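Morning, everyone. Please have the sequence and the model open while I talk.

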Amino acid sequence: IARRFGFSRSRFAALFHRQVGQPPRQYLEAQRLAQARQLLAYTRQTLAEIADRVGFSSPFYLSLRFKKHYGHSPRTFRQQRQR
């Protein structure tokens with residue numbers, strides 16, 4: 001993206017952070033986790049399918065990042081939604 005608009009990576013990251021309030025990678029991960037959360041809530045897809053769909057390298061890594069971001073595992077989230 002930076003190259004497309006004629007910025008260095010660091011300049012783009014600084015401008016992005018100033019506008020959005022977080023670095024590009026952090027923002028992208030938050031968006032992916034939000035999408036994964038929606039899929040967990042409203043589909044019966046497996047964690048592996050969701051990880052692949054939202055761009056995580058493995059279901060294990062998605063689970064780690066999900067727990068760190070939301071404070072509970074994807075399994076716990078899904079179980080609580082089903083009650």
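I will go through the helices, then the pocket, then the rings, and then some distances.

First, the ground rules. This is a predicted model, so local features need pLDDT of at least 70 and side-chain atom pairs count only at pLDDT 80 or more, while totals for chains, interfaces and linings use all residues. Residues are numbered from 1 along each chain as its sequence is written, and side-chain values use heavy atoms, with hydrogens and water left out.

Start with the helices. A helix here is a DSSP run of H or I with at least four residues, and helices are numbered from the N terminus. Helix 1 has 12 residues. From its first C-alpha to its last, helix 1 reaches 16 Å, close to the 16 Å expected at 1.5 Å a residue. That expected span is 1.5 Å times one less than the number of residues. Just after helix 1 comes G21, with a positive phi of about 95 degrees.

Now helix 4, residues 59-70. Helix 4 has 12 residues and reaches 16 Å between its first and last C-alpha, close to the expected 16 Å. Just after helix 4, G71 takes a positive phi of about 90 degrees.

Next, the pocket. How much space lies in the largest pocket? About 390 Å³. A pocket is found on a 1 Å grid over the protein atoms alone: it is an open set of points where a 1.4 Å probe fits, with protein on both sides within 12 Å along at least five of seven lines. Lining residues have an atom within 4 Å of a point. The volume is the space filled by probe spheres set on the points, which are joined across faces, edges and corners.

Who lines the largest pocket? Among them are I1, R3, F7, F12, F16, P24 and Y27. Helix 1 (9-20) and helix 2 (24-42) each supply at least two lining residues. By class, the lining has nine nonpolar, no polar and three charged residues. Nonpolar means Ala, Val, Leu, Ile, Met, Phe, Trp, Tyr, Cys and Pro; charged means Asp, Glu, Lys and Arg; the others, Gly among them, are polar.

On to the rings. Rings of Phe, Tyr and Trp (its six-membered ring) pair if their centres lie within 6.5 Å; planes under 30 degrees apart are stacked, over 60 edge-to-face, and the rest tilted. That rule gives five aromatic pairs. One of them joins F16 and Y27, edge-to-face, 5.5 Å centre to centre with 70 degrees between the planes. F16 lies in helix 1 and Y27 in helix 2, so this pair ties together parts that are 11 residues apart in sequence. Ring pairs also link F12, F16 and Y27 into a cluster.

Buried or exposed? Buried means under 20% relative accessible area, exposed over 50%, and partly exposed in between (1.4 Å probe, protein chains only). F16 counts as buried, at 18%. Y27 is partly exposed, at 31%.

Last, some distances. R32 lies in helix 2 and is partly exposed, at 29%. R32 and F56 are 24 residues apart along the chain, with their C-alpha atoms separated by 8.2 Å. S57 sits in the loop between helix 3 (47-54) and helix 4. S57 is exposed, at 69%. From S57 to R25 the C-alpha distance is 15 Å, across 32 residues in sequence.

Thanks. Over to you.
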